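Here is a short briefing on one protein chain. Look at the sequence and the model, then read the points below.

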Amino acid sequence: MSSPERDVDHALAYPEPPASPLWHRHGAKGRPLTPAQQRRNRELLDIAQRTTRPRSPRPTETLAEN
């Protein structure tokens, strides 16, 4: 059986640290992609999703044949 002292979640025992200032962007935003860049990205994504990843070569001999 658990006692009330053991049911404490130690992750909640301390306050959460402040968020990193790097997580917040202040200032100029990035330039939007041109239609040509968007089209190229879509083409590359389509190719990457259709092609299979190469498998590592497997030995043709079994361990019993050695």
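Predicted model: local features only at pLDDT ≥ 70, side-chain atom pairs only at ≥ 80, totals over all residues.

Residues are numbered from 1 along each chain as its sequence is written, and side-chain values use heavy atoms, with hydrogens and water left out.

**Fold**
- The protein chain has one helix and zero strands.
- Helices (H or I, at least four residues) and strands (E, at least two) are DSSP runs, numbered from the N terminus.
- Helix 1 covers residues 35-50.

**Surface**
- The chain has 66 residues, and 0% of them count as buried.
- Buried means under 20% relative accessible area, exposed over 50%, and partly exposed in between (1.4 Å probe, protein chains only).
- The accessible surface is about 7,700 Å², computed by the Shrake-Rupley method with a 1.4 Å probe.
- Carbon and sulfur atoms hold 56% of that surface.

**The charged pair**
- Side chains of opposite charge can pair when their charged atoms come close.
- The structure holds one salt bridge, meaning a side-chain nitrogen of Lys or Arg within 4 Å of a carboxyl oxygen of Asp or Glu.
- Asp46 and Arg50 form this bridge through their side chains, at 2.9 Å from N to O.
- Why are Asp46 and Arg50 separated by about one helical turn? They sit four residues apart in helix 1.
- Is Arg50 buried or exposed? Arg50 is exposed, at 59% relative accessible area.
- Asp46 is partly exposed, at 36% relative accessibility.
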